[in-house]
Amino acid sequence: MKQTLINILELYAPNNVFLQGTLNDDDAYPDSFITFWTNYTDDNMHLDDDVVSVDWQFTVNFYSCDPSLVNTKPAAIRMALKAAGFIPQGKGNDLPSDRPTHTGWTMDFLYTEYL
């Protein structure tokens, strides 16, 4: 499931998709990039004492030094993930960056994987 998420995100920031927290503090940030985090995976449905589905909850963050991209690109990412079966948990919200050159937008998604 994680790889499916990454594959879609790569369409919007080729070679600039990172696990949240893995960018080196000493390196310059790319102009625009995406980070993601798996918040949880929970068993969902059970049948005959077996798990038959798992809920995945992801956070996706888009950062850019271009504020206009921060205002537009997340909507496109949200639509693409929704089309792939990820359920948006609202539209997201502003996200500060630890660099004064960048701002961000964060969104949460739920995906139910049937085993």
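These notebook entries record what I looked up in a predicted model of one protein chain.

**Entry 1: ground rules.** I noted that residues are numbered from 1 along each chain as its sequence is written, and that side-chain values use heavy atoms, with hydrogens and water left out. Because the model is predicted, local features need pLDDT of at least 70 and side-chain atom pairs count only at pLDDT 80 or more, while totals for chains, interfaces and linings use all residues.

**Entry 2: the overall chain.** I found two helices and eight strands; these are DSSP runs numbered from the N terminus, helices (H or I) having at least four residues and strands (E) at least two. The order from the N terminus is α-β-β-β-β-β-α-β-β-β. The C-alpha trace spans about 55 × 30 × 20 Å along its principal axes. Of the 115 residues, 37% are buried (under 20% relative accessible area with a 1.4 Å probe, protein chains only; exposed is over 50%, partly exposed in between).

**Entry 3: strand pairing.** I took two strands as paired if DSSP finds at least two bridges between them. E1 and E2 are parallel, with three bridges, and valine 17 has isoleucine 34 in E2 as its bridge partner. E2 and E5 run antiparallel, joined by 11 bridges; here aspartate 42 is partnered by aspartate 55 in E5. E5 is in turn joined to strand E8 (residues 103-114) by 12 bridges, again antiparallel. I then looked up leucine 110 in E8: it is the bridge partner of glutamine 57 and also of isoleucine 87. E6 and E8 are antiparallel and share two bridges. Strand E7 (residues 93-95) is antiparallel to E8 over three bridges, with asparagine 93 facing threonine 106 as bridge partner.

**Entry 4: aromatic rings.** A pair of aromatic rings is described by the distance of the centres and the angle of the planes. The rule I used pairs rings of Phe, Tyr and Trp (its six-membered ring) if their centres lie within 6.5 Å; planes under 30 degrees apart are stacked, over 60 edge-to-face and the rest tilted. By this rule there are six aromatic pairs. Why is the pair of phenylalanine 18 and phenylalanine 33 edge-to-face? The centres are 6.2 Å apart and the planes stand at 70°, so the pair falls in that class. Phenylalanine 18 is in strand E1 (residues 17-19) and phenylalanine 33 in strand E2 (residues 32-43), 15 residues apart. Phenylalanine 33 is buried, at 2% relative accessible area.

I next examined phenylalanine 58 and phenylalanine 86: their centres are 6.2 Å apart and their planes at 55°, so this pair is tilted. Phenylalanine 58 is in strand E5 (residues 53-64), and phenylalanine 86 is in the loop between helix H2 (67-83) and strand E6 (87-88), so the pair ties together parts 28 residues apart in sequence. Both residues are buried.

Phe18, Tyr29, Phe33 and Tyr63 form one aromatic cluster. Arginine 99 lies over the face of tyrosine 29, 4.0 Å from the ring centre (a charge sits over a ring if NZ of Lys or CZ of Arg is within 6 Å of the centre and within 35 degrees of the ring normal).
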